[in-house]
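Please consult the sequence and the structure below while reading.

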Amino acid sequence: MFLHQRLSLSVLALLLAACASGPAVGRSETAKEPAVADAPYVAGAAMTKERQGRVTPESALKILRDGNGRFLSGKMVKRDLREQVKITGHGQFPFASVVSCIDSRAAPEVVFDLGVGDVFTARVAGNVVNKDILGSLEYASKVAGSRLIVVLGHSHCGAVKGVCDNVKMGNLTTLLEKLKPAVAAVPEDGSPRNSKNEAYVEHVAEANVKLTVRQILEDSPILRELVEQRKLMVVGAMLDVETGKVEFMEMSHPAEKVATHESLHL
Ligand SMILES: [Zn+2]
């Protein structure tokens, strides 16, 4: 009973947040009530074409915030993943894309309490992008209808520590080159600029997320156009691996940022 009431209230909040119009929202005891039927996302249920069609960039962000809230409180939704496989097997309708580090603690489906078919994920050490990942995001957003891109950095990131210490090793050297602009973006304050300085490492990680958001907007005309049309939002976020909490970076709608190119003050 409580869970259903909570679900109805969260659905109501979602609808209000998205300014959606539709049938009146009522308290629901079954999944067939209008409140659930009209929701862009029902935690535990598979994404469908109809639900994806109701997702806005803002509601997609709220779905992730709510999911992280469930994860933090230990109230993750019980999912029948095999049933979700059956439903999504002939077509996927994810509402968002997440660019995350390969770090074993930074799995988007886990920290946002998501299921099969909910989000596209691109994972690479240091959550950077290149043309291949930009192409993947263009597919996810332009072709497959995903409404939000989250660049998810995290605390205690080995890749960030590596660039802070100017590590050189095999193919990692080339990858870490992509993180160097984040090092340059953190101003000198007299404290040590190496991985032993935890505050410095966190500042570089945050700068890297902001620069990656900027790079996505600047290097992909397709994604930039979707943002300008308000069909897509690109946001940064940081995961605290000690708590599991994800903090989204405050920013107004990136559409204005794209127009001015005065985005993401570092
Ligand atoms: Zn990492």
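Val151 stands opposite Gly236 in strand 4. The model is predicted; local features require pLDDT of at least 70 and side-chain atom pairs pLDDT 80 or more, whereas totals for chains, interfaces and linings use all residues. Residue numbers start from 1 along each chain as its sequence is written. Helices (H or I, at least four residues) and strands (E, at least two) are DSSP runs, numbered from the N terminus.

Five strands make up an open sheet of mixed pairing, in the order 2-1-3-4-5. Its edges are strand 2 (119–123) and strand 5 (246–248), each of which pairs on one side only. On average, neighbouring strands are turned by 25 degrees against each other, direction ignored. Two strands count as paired if DSSP finds at least two bridges between them.

| Strands | Bridges | Direction |
|---|---|---|
| strand 1 (residues 96–100) and strand 3 (residues 148–154) | four bridges | parallel |
| strand 3 and strand 4 | seven bridges | parallel |
| strand 4 and strand 5 | three bridges | antiparallel |

Strand 4 and strand 5 form a hairpin with six residues between them, and Gly244 in the turn has a positive phi of about 90 degrees.

Strand 4 is mostly covered, with seven of its seven residues buried (20 or more other C-beta atoms within 10 Å of the residue's own; exposed means 12 or fewer, partly exposed in between; C-beta atoms are placed from the backbone). Met233, Val235, Ala237 and Leu239 point one way from this strand, while Val234, Gly236 and Met238 point the other way.

**A loop residue**

Arg105 lies in the loop between strand 1 and helix 6 (108–111). Arg105 counts as partly exposed because it has 16 C-beta neighbours inside 10 Å. Between Arg105 and Val241 the C-alpha to C-alpha distance is 6.4 Å, although they are 136 residues apart in sequence.

**Helices**

In helix 11 (residues 198–219), 22 residues reach 31 Å from first C-alpha to last, close to the expected 32 Å (1.5 Å times one less than the number of residues). Of these 22 residues, 16 are buried.

Leu137, Glu138, Ser141 and Lys142 in helix 7 meet Ile222, Leu223 and Leu226 in helix 12; contact requires C-beta atoms, placed from the backbone, within 7 Å.

Technical notes
Axes are lines fitted to C-alpha atoms, for helices over the stretch in contact, and angles run from 0 to 180 degrees between N-to-C directions. Two residues are in contact if their C-beta atoms, placed from the backbone, lie within 7 Å.
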